[in-house]
Amino acid sequence: MPRTFPLAIALACAAAAVGEATPATRCEVAGTWTGTADDETGGHWTFTLELAAQGDKLSGVFHWKGALTGDEFVRGSVDCAAGTMALDAYKVTGDLALGAYRVGLGADGTTFRGKWTCITPCIEGSIAGKKR
């Protein structure tokens with residue numbers, strides 16, 4: 001059985017749990033994001049996230065490169081007042097696992113930082129991104 005890794009973002013948790021969430025002065029999260037993720041085994045990942053927004057509802061796809069490569073399709077929401085996003089994976093390609101991401105937005109709305117947990121068995125870790 002292939003080793004699986006969680007790669008999906010559920011980005012809407014409390015600011016204290018995220019660590020860096022602040023009300024975003026700019027909250028235009030739709031667009032292309034790039035970043036890195038580190039899993040609890042020391043694995044390093046890079047990603048491009050294509051994110052669409054309709055009101056506070058989000059949908060998108062992560063394109064992951066690391067120990068495994070593939071795409072992770074996500075849905076979620078953004079809370080601009082709290083400065084948080086939540087994304088949950090519902091479909092993956094390859095041997096990726098479904099993840100749930102909780103991140104805090106930077107004050108300017110162009111960065112995020114947070115954690116992921118597993119929807120399906122996986123290795124958990126941290127994630128950070130910057131909007132292009």
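The structure is a predicted model, in which local features need pLDDT of at least 70, side-chain atom pairs count only at pLDDT 80 or more, and totals for chains, interfaces and linings use all residues. Residues are numbered from 1 along each chain as its sequence is written, and side-chain values use heavy atoms, with hydrogens and water left out.

The protein contains one helix and eight strands. Helices (H or I, at least four residues) and strands (E, at least two) are DSSP runs, numbered from the N terminus. Along the sequence these elements follow the pattern α-β-β-β-β-β-β-β-β. Of the 132 residues, 44% are buried, where buried means under 20% relative accessible area, exposed over 50%, and partly exposed in between (1.4 Å probe, protein chains only). The accessible surface comes to about 6,200 Å², and carbon and sulfur atoms hold 53% of that surface; such areas come from the Shrake-Rupley method with a 1.4 Å probe, and for residues only the protein chains shown count as cover. Among contacts (heavy atoms within 4.5 Å) with a separation of 6 or more, 53% are between residues 24 or more positions apart.

Strands β3 (residues 57-65) and β4 (residues 70-79) pair in the antiparallel sense over eight bridges. Two strands pair if DSSP finds at least two bridges between them. A hairpin with four residues links β3 to β4, and Phe 62 stands opposite Glu 72 of β4. On pairing with β5 (residues 84-92), β4 is again antiparallel, over eight bridges; here Ser 77 has Ala 86 in β5 as its bridge partner. The hairpin of β4 and β5 also has four residues between the strands, and Gly 83 in this turn has a positive phi of about 75°.

Glu 72, located in strand β4, is buried yet has no salt bridge. A salt bridge requires a side-chain nitrogen of Lys or Arg within 4 Å of a carboxyl oxygen of Asp or Glu. The nearest side chain of opposite charge is that of Arg 102, 11 Å away; Lys and Arg count as positive and Asp and Glu as negative, while His and the chain ends are not counted.

Thr 84 lies in strand β5. This residue counts as buried because its relative accessibility is 3%. Between the C-alpha atoms of Thr 84 and Gly 114 the distance is 9.5 Å, although the two are 30 residues apart in sequence.
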